[in-house]
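Please look over the sequence and the model first, then read on.

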Amino acid sequence: MSGEEEENAAELKIGEEFLKAKCLMNCEVAIILEHKYEQIQQHATESDPSSQVSQVFEKSLQYVKRFSRYKNPDAVRQVRETLSRYGLAEFELCTIGNLCPDTSGEAAALVPSLKSGGRFPGDAGNEKIEKMLNDLSLIKKFE
């Protein structure tokens, strides 16, 4: 971003480096950290301190597990695929996937760029957002 432009997430003005960045939902991070934790546990020896799990790692794992809305890896994959079909920016996808709003109004309040970005304008936009949220609730229901 140029120095003159002010960043504004509500309008998806978050900087070129962030628009291209891959974001992960808490549930995706939980799967990655759980896999790493299992690897560390398999190779852990009490005499080798480098094979021990750090406190920061454990706290991070606890955090993402606590705030993950989806636990099943297949459900996590479905959530990403479902939200991707709606053309969301990465950070929008992750915010919706992490927070799981119940209504289009709540989604627009949490992620203002849904409405201001022009992808979901007016009442038709609200219906698309409601459909997206309904798709997510079905994934959660059958998880």
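Lys128 counts as partly exposed, because its relative accessibility is 46% (buried means under 20% relative accessible area, exposed over 50%, partly exposed in between, with a 1.4 Å probe and protein chains only). The model is predicted, so local features need pLDDT of at least 70 and side-chain atom pairs count only at pLDDT 80 or more, while totals for chains, interfaces and linings use all residues. Residues are numbered from 1 along each chain as its sequence is written, and side-chain values use heavy atoms, with hydrogens and water left out.

**The chain as a whole**
- The chain has eight helices and zero strands (helices, H or I, at least four residues, and strands, E, at least two, are DSSP runs numbered from the N terminus).
- Of the 143 residues in the chain, 33% are buried.
- Among contacts in the chain with a separation of 6 or more, 62% join residues 24 or more positions apart (contact means heavy atoms within 4.5 Å).

**Helix H8**
- Helix H8 covers residues 122-141; at 1.5 Å a residue its 20 residues should span 28 Å, and its end C-alpha atoms are 28 Å apart, which agrees (the expected span is 1.5 Å times one less than the number of residues).
- The buried residues in H8 are Gly125, Ile129, Met132, Leu133, Asp135, Leu136 and Ile139.
- They lie on the same side of H8, because they cover an arc of only 150 degrees around the axis (the arc is that of the directions from the helix axis to the C-beta atoms).
- An α-helix has 3.6 residues a turn, so residues three or four places apart point the same way.
- Asp123, Ala124, Glu127 and Lys141 are exposed on the other side of H8.
- The cover over the buried residues of H8 includes helix H4 (73-84), helix H5 (90-99), helix H6 (104-110) and helix H7 (113-116).

- Lys128 is part of helix H8, and beyond its neighbours within four places in sequence it is in contact with Tyr86 and Phe120.
- Between Lys128 and Tyr86 there is a C-alpha to C-alpha distance of 8.5 Å, although they are 42 residues apart in sequence.
- Ser104 belongs to helix H6 and counts as buried at 9% relative accessibility.
- Not counting residues up to four places away in sequence, Ser104 touches Asn126, Ile129, Glu130 and Leu133.

**Helix H2**
- Helix H2 (residues 26-43) has 18 residues, which at 1.5 Å a residue should span 26 Å; the end C-alpha atoms are 26 Å apart, in agreement.
- Asn26, Cys27, Glu28, Ala30, Leu33 and Ile40 are buried in H2, and the buried residues of H2 pack against helix H3 (55-66), H4 and H5.

- The largest pocket holds about 160 Å³ of space (on a 1 Å grid over the protein atoms alone, a pocket is an open set of points where a 1.4 Å probe fits, with protein on both sides within 12 Å along at least five of seven lines, and lining residues have an atom within 4 Å of a point; the volume is the space filled by probe spheres set on the points, which are joined across faces, edges and corners).
- Its lining includes Tyr70, Cys100, Glu130, Leu133 and Lys140.
- Cys100 sits in the loop between H5 and H6 and is buried, with a relative accessible area of 18%.
- Cys100 has a positive phi of about 45 degrees although it is not a glycine.
- Most residues other than glycine have a negative phi.
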